[in-house]
Amino acid sequence: MVRLNELPVEELFTSGHRLCAGCGAGTIMRMTLKAARGPTVVVNATGCVEVASTIYPYTSWKVSWVHVAFENAAAVASGIEAAYKALRRKGLWDKHVDVIAIAGDGGTFDIGIQALSGALERGHDFLYICYDNEAYMNTGIQRSGATPHGAATTTSPAGRRIPGKPEFKKDLIGICAAHGIEYAATASPAYWNDYITKVQRGLEVEGPAVIHVFSPCPLGMRFDSSKSMEVARLAVQTRYWPVYEVEKGKYKLNIKVPQPKPLVDFLKIQGRFSHLFQPEFQHEIEALQRWVDENWSRIASLCGETA
Amino acid sequence: MSEIKLGWKSLPIGGVLLEPGSAMKYKTGDWRAFKPIIDQKRCINCLLCWIYCPDSAIIRLEKFVDVNYDYCKGCGVCANECPVKCIIMVEEKR
Amino acid sequence: MAKVIGLTGNEAIAYAVKQCDVDVIAAYPITPQTIMVELLSEYVYNGEINAEFVCVESEHSALSACVGASLTGARVFTATASQGLALMHEMLYVASGLRCPIVMGVANRALSAPLNIHGDHSDMMGSRDCGWMQVYAENAQEAYDWIIQSFKIAEDCRVLLPISVNIDGFILSHSMERVEVLEDEDVSRFLPPRKPVITIDPAKPITVGALCLPDYYFEMKRQQVHALNESYNVIREVNRDFESFTGRKYDLLETYEMSDADVAIISLGSTAGTAKAVARDLRSEGKKVGVIKPWVYRPFPEEDLIKAVGDAEALAVLDRACSFGAPFNALCSDVVAALYRYGKSSVKVFNCVYGLGGRDITPTDIRAIFNEALEVAKTGIVKEQLEFIGVRE
């Protein structure tokens, strides 16, 4: 249990970054570093957070921070973790270092999945955080493997024939958990307590940990910048984003949603779904609702809950 | 916000930035179109605005919070999340 | 005391790495480099070296992990070949841009398509402008010696750049040769532990790999040019130091019978050895031929090359890779540019592409090239500026 007034006042992810107004990732980065016990090295994949936080000669990071490329945050983290291990064994280094890899959904679901899988299989002691804004928001809203069904992006536009992305979202935590890793969890920044606790847990466990956190994006999901946390909360309350964890293979539902709000509450405040409200695309909303229901039942059942 | 741009002989090698948190020198307050005003008499100091602010622009004081207008981009998340609705957004006049 | 053992090129490199007190090895096996990685994992698994072996899932991740490890201040090694080097391509630029003194062994091999596992220089030539220092060894002894020197060169604070040591796939990687190896403690004396200049030590947090826009990016690249220029002297210094330890003399390039040569073959790697043998025979026939073998290809040793060329009138430059669509192939382009820059463009040059996909080049081929060069020197006429040696019409 975390108390807000007990969290450190010091900002290790400082003001002056160039993330958009209302960007959920900014909130997530702050929370992440407030949860970090230190000493910490952050490895950041190319993406919104990386470009917006380190425009030379300015950096928002007060921890050591490394950006190498888009697809390899997990591989770079592997190298850092291995190096400190070797240096410690040789007596050239005396501290434990928490290595946190941070990547967006593009750098995780798509181009970075191989490096992530490799690092998880090798069992490096690091925490991987995927902040998922459900498209390539940094480059102007192109679809990713994390974009939900029906959402309009610039490469899955709301066309007359194809109304937004036909495919459904990949199950990232399912993929990660299948590696038999120590800890995997989903989270939403609206539930700050749950997220911060999970970052702490992810750092505590020895071996790889993955946190998949919903990252509301006013620009790309198209909602008013003030609604970031509201959207992140609705994602959970509509059962669109089940909040659960898998520790040593054991599933646990962290936020129960006994009386879910209708999915349309989540959809209607986001411009990326607005085309689905035309009568001829009503069936797409139904398809997405079915996916949400099935996904929830599947996870609830893994968690030993009755949906 | 103008900076002296050093040449290649003077810059640290490899594009490394040696000053942690130097982005504090880059003020983002002028992005703002709307400005949060906190009624501090009604503030219950719950710190929700503080934890949710993407820009670390809420300042924690002893009994209530304040806004750091140097960095506040005016997103309105604080006003939207305030449980007692003591933050209002007003149009920025410059 | 030095001892002599039989080692293949792959084994010689692995043996040298073992003696260099590396902290992290991250590598992915690929023919013809595989044995290098197998041996290194064996050393780690048997506790013969106190290093972490990160057995990654791709070459891209291999070099990514090396960059991360190098930034902690660790001494880092990787190895690859061919497709693996091509997959690393993106990371090659990052490693040099972030100034990581990584040492990499490369068993040079042809690039697909069509698929081919044999030796040529297409892989490294495709990466020649990536900001790395690049060394080509003629035999297993040179490979061994250059690996040990490479850590010292790369980690020098005036340089701080990655370096590759190249051996011809199969021809060197798999051929057993006589190698004089140093005692472990002699290597330790020659190569003290790395003294990193900038690290990601969390106690002194830094930001590495920031976004540099048009107002700063160019300066970073200019710094890399400077570092490569600085490396000329650092390499020479390390070579002299190594000579005093071992008696074995290295330099930016090696010359053979060049003092009064009328013509020369310029070649990288093992082919230079064949060329030297042929040159010796031709000398006994009274023909004034010589060989120039750049050990260091990047930075290109143009000053030394011009000195080595001396009064020679014709040069045959041998390239084991194609620069498709270019006026000359890689090595020849550099030679011609160097001659031009030093006001020696009157020297006649022709370019021979040979050995692609591991096709043999024989002493007979080399003899013909020398004879052609002698003809060019005599007549002053280059009949064919670009030739393909041993390809069927």
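This is a friendly conversation about how some descriptions of this predicted model are reached.

Mentor: Residues are numbered from 1 along each chain as its sequence is written, and chains are lettered from A and ligands numbered from 1 in the order in which they are written.

Trainee: How do you know that the radius of gyration of chain C agrees with a compact globule?

Mentor: The rule, over C-alpha atoms, is 2.2 Å times the number of residues to the power 0.38. For 393 residues that gives a value near 21 Å, and chain C has 21 Å, so the two agree. Along its principal axes, the C-alpha trace of chain C spans about 70 × 55 × 45 Å.

Trainee: What makes C:Asn108 count as buried or exposed?

Mentor: Buried means under 20% relative accessible area, exposed means over 50%, and partly exposed is in between, using a 1.4 Å probe and protein chains only. C:Asn108 has 0% relative accessibility, so C:Asn108 counts as buried. This residue lies in strand β5 (residues 103–108) of chain C; strands here are DSSP runs of E with at least two residues, and helices are runs of H or I with at least four, numbered from the N terminus. Leaving aside residues up to four places away in sequence, C:Asn108 touches several others, including C:Pro32, C:His118 and C:Tyr136, where a contact means heavy atoms within 4.5 Å. In chain C, buried residues make up 62% of the 393 residues.

Trainee: Why is helix α9 of chain A called largely enclosed?

Mentor: Seven of the ten residues of this helix (residues 228–237) are buried, so the rest of the structure largely encloses α9 of chain A. Among the buried ones are A:Met229, A:Val231 and A:Leu234. The buried residues of α9(A) pack against elements of chain A, including β6 (209–214), together with α1 (48–52) and α2 (77–81) of chain B.

Trainee: What makes the pair of A:Phe70 and A:Tyr136 edge-to-face?

Mentor: Rings of Phe, Tyr and Trp (its six-membered ring) pair if their centres lie within 6.5 Å; planes under 30 degrees apart count as stacked, over 60 as edge-to-face and the rest as tilted. The structure holds 22 aromatic pairs over all chains. In this one the centres are 6.2 Å apart and the planes stand at 80°, so the pair is edge-to-face. It links distant parts of the chain, with A:Phe70 and A:Tyr136 66 residues apart. A:Phe70 has a relative accessible area of 25%, so A:Phe70 is partly exposed.

Trainee: What makes the phi of C:Ser82 and C:Asp21 worth a look?

Mentor: Most residues other than glycine have a negative phi, and most peptide bonds are trans. C:Ser82 has a positive phi of about 45° although it is not a glycine, and C:Asp21 has one near 55°. C:Ser82 lies in helix α4 (residues 82–97) of chain C, whereas C:Asp21 lies in the loop between α1 (9–19) and β2 (24–27) of chain C.

Trainee: Which of the two is buried, and which is partly exposed?

Mentor: C:Ser82 has a relative accessible area of 0%, so C:Ser82 is buried. C:Asp21 has 40%, so C:Asp21 counts as partly exposed.

Methods
Predicted model: local features only at pLDDT ≥ 70, side-chain atom pairs only at ≥ 80, totals over all residues. Heavy atoms only, no water.
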